[in-house]
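I opened the model today with a few places to look up. My notes follow in the order I worked.

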Amino acid sequence: MNLNIAVLSGDGIGPEVTSQAVKALKAIASEFNHNFKFTYADVGAIAIDNHGNPLPDATLDLCKSTDAILFGSIGHPKYDNDPSAKVRPEQGLLKLRKELGLFANIRPVKAYETLLEKSPLKRNIIQGTDISIFRELTGGIYFGEKYLSEDGDTASDLCLYTREEIERITHLAFKAAQSRKNKVTLVDKANVLESSRLWRKVVTDVAKEYDDVELDFLFVDNAAMQMILNPKQFDVILTENMFGDIISDEASVIGGSIGLLASASVGEKHAMFEPIHGSFPQATGKGIANPIASILSAAMLLEHFGLYAEAELINNAVEKSLKLDISTPDVNTNHDNITTSKVGEFVEDFINNPNDSNLNFTNIHLGQSTII
Ligand code: IPM
Ligand code: MG
């Protein structure tokens, strides 16, 4: 398959983790005879520095003309600590989502068997957890009208949703549930918010078209509690933009590290793949950032194009790396010297040698060296 992929590595640890995902995709291309072409462009703080704009036109045009986008992370402390900044790196990502119509953000959360002890939650609570969060991504409070009074003492952000915006992601969530455990949980705040009551109404209507899928409802405050009390009760979680942002960071604790959570953002025409973590500025350049979320985002990219065997090979490589402790310090309590690029090299090597018995595992190829 020929694929043109835009690579927007962004800020902080973005470039170092994204380059491991590119390594994995290049290995897949050579193993399966695909032709993947990568084109790089700036977004976020780096784009503000280089072009005065967090989403330069050239970047947006590239994204509109490619098959898929691999995104790193954005953000820089100099903007976080300055509430008066007029231009912010995050605007680049939000504009990109909006311009490309990426209305559904899919965030899989699972407890890896080999990492059960790494989570601060108890093994019996998290074991077997497998959730797919469907977060609405182009509406709600993120994109509603913003207001700041002249004197700067009053502000508001409007949370607005239309039936159509709710319907389109709801269909995707129900279809996903049909190939999983046939359950959708709508997370909202319908006891307080009018917009949430619209969500309940529309989702209940759409649910009638899917009699094989069970629908239930949870208020977001309760959902936040249930997520750590009993995460196994969830299959597909469907929710609006901001609740999804918050719940998915919370859910990352189940897997043991936010550095493991990948996501796909899809719309009618475009698709973007990105780790859910941020730019982790303190870790930049230290080689400690976990590239797995980015590598798994690359696997989601392959799945999106129906390349299931290819995606599975990446997923297997990741599982193996976790099993063998070839992982960064956030999930590795035994070795503190496995760097971001070592993890990437292992995954690359696994892809290049899928049938190599050495991978069963007395001697692991990593370049020519042995790592355990
Ligand atoms: C995410 C991030 C973004 C969001 C930020 C960087 C704007 O937290 O993708 O979850 O809030 O959507
Ligand atoms: Mg977030």
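I took contact to mean heavy atoms within 4.5 Å. Helices (H or I, at least four residues) and strands (E, at least two) are DSSP runs, numbered from the N terminus. This is a predicted model, where local features need pLDDT of at least 70, side-chain atom pairs count only at pLDDT 80 or more, and totals for chains, interfaces and linings use all residues. Residues are numbered from 1 along each chain as its sequence is written, chains are lettered from A and ligands numbered from 1 in the order in which they are written, and side-chain values use heavy atoms, leaving out hydrogens and water.

**Helix α13**

I began with α13, which runs over residues 340-352 and has 13 residues. From first C-alpha to last I noted 19 Å, close to the 18 Å expected at 1.5 Å a residue. The expected span is 1.5 Å times one less than the number of residues.

Next I looked up burial. Buried means under 20% relative accessible area, exposed over 50%, and partly exposed in between (1.4 Å probe, protein chains only). The buried residues of α13 are T340, V343, G344, F346, V347, D349, F350 and I351. What covers them includes α1 (14-32), α11 (292-304) and α12 (308-323).

I then went to the loop between α12 and α13, where D325 lies. Its phi is near 65°, a positive value in a residue other than glycine. Is D325 buried or exposed? D325 is buried, with a relative accessible area of 13%.

N332 has its place in the loop between α12 and α13 too. I count N332 as buried because its relative accessibility is 4%. A polar atom of the N332 side chain lies 2.6 Å from the backbone oxygen of D325. For a polar contact I used a pair of N or O atoms within 3.5 Å; within protein, one must be able to donate a hydrogen and the other to accept it, and residues adjacent in sequence count only if both atoms are side-chain atoms. Leaving aside neighbours within four places in sequence, N332 is in contact with D325, S327 and I338.

N33 sits in the loop between α1 and β2 (35-40). Its phi is near 55°, again positive in a residue other than glycine. N33 is exposed, at 68% relative accessible area.

T154 is in the loop between β6 (146-148) and β7 (155-157). I count T154 as partly exposed because its relative accessibility is 44%. Not counting residues up to four places away in sequence, T154 touches Y147, L148 and S149. T154 and I28 are 126 residues apart in sequence and 53 Å apart in space, C-alpha to C-alpha.

D211 lies in the loop between α8 (194-207) and β9 (214-219). D211 is exposed, with a relative accessible area of 71%.

**Ligand 1**

Which residues surround ligand 1? I listed E90, R97, R107, R135, Y142 and D245. The cut-off for near is a heavy atom within 4 Å.

I checked oxygen atoms of ligand 1 against polar side-chain atoms: R107 has one at 3.0 Å, and Y142 has one at 2.6 Å. For D245, a side-chain N or O atom is 2.9 Å from an oxygen atom of the ligand. Taken alone ligand 1 exposes 320 Å², and the protein buries 79% of that. These areas come from the Shrake-Rupley method with a 1.4 Å probe.
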